[in-house]
Amino acid sequence: MNLKELKLLWPFYLGIFIAGITNAAEAIYVVFFLSKELAFVQISFLVALITFGRLFFEIPTGAIADLFGRKRSVIMGWIGSGSTFAMIPFFNTFKGLFFIILISTFFSTLVTGADTAWIVDYLKKKKVNTTI
């Protein structure tokens, strides 16, 4: 990585870093949900919801990125998933957690794929050679 690359792509690197931190939080979901006095079956369902929600929302959110632009999709995904992720501790019931995790999953899929495509478009616009 050179200084020019860092100067151009620092917002993307920051976004990837923050996404990594929030993904690491998934490792403690079971303990967190146990502290909310949820049963293991409910916890399993919530953790599965994350995976199936990502699978289910991937195509519709890809279409959103194509229609409204990758930049808007990524920014809306970052803001939405960050906001909903921060709201998870305030929900104490299974239904509430189901709802907020489903919304968070939708927002997180707005970013997947669109962020990489946005970077490629951005580098082409800046006329940066991307070949290795």
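Which helix gives the largest share of the lining of the largest pocket? Here are a few friendly notes on that and on some neighbouring features.

1. **Ground rules.** This is a predicted model, in which local features need pLDDT of at least 70, side-chain atom pairs count only at pLDDT 80 or more, and totals for chains, interfaces and linings use all residues. Residues are numbered from 1 along each chain as its sequence is written, and side-chain values use heavy atoms, with hydrogens and water left out.

2. **The pocket.** The largest share of the lining, nine residues, comes from H1. The largest pocket holds about 660 Å³ of space and is lined by 28 residues, with Ala19, Thr22, Asn23, Ser81 and Ser108 nearest its centre. Two or more lining residues come from each of helix H1 (3-24), helix H3 (40-68), helix H4 (70-87), helix H5 (94-109) and helix H6 (114-125). Helices here are DSSP runs (H or I, at least four residues), numbered from the N terminus. A pocket is an open set of points on a 1 Å grid over the protein atoms alone where a 1.4 Å probe fits, with protein on both sides within 12 Å along at least five of seven lines; lining residues have an atom within 4 Å of a point. The volume is the space filled by probe spheres set on the points, which are joined across faces, edges and corners.

3. The lining divides into 14 nonpolar, 11 polar and three charged residues. Asp, Glu, Lys and Arg count as charged; Ala, Val, Leu, Ile, Met, Phe, Trp, Tyr, Cys and Pro as nonpolar; and the others, Gly among them, as polar.

4. **Helix H1.** H1 bends by about 70° at Leu9, and Pro11 follows within four residues. That bend is the angle between axes fitted to the seven residues ending there and the seven starting there.

5. **Ser104.** This residue sits in helix H5 and is buried, at 13% relative accessibility. Ser104 touches Ser81, Thr84 and Phe85, not counting residues up to four places away in sequence; contact means heavy atoms within 4.5 Å.

6. **The salt bridge.** The structure holds one salt bridge (a side-chain nitrogen of Lys or Arg within 4 Å of a carboxyl oxygen of Asp or Glu). Arg70 pairs with Asp121, the closest N and O atoms being 2.8 Å apart. The pair links distant parts of the chain, 51 residues apart, with Arg70 in helix H4 and Asp121 in helix H6. Arg70 is partly exposed at 33% relative accessibility, and Asp121 is partly exposed at 34%.

How values were computed:
Buried < 20%, exposed > 50% of the residue type's maximum accessible area, 1.4 Å probe, protein only.
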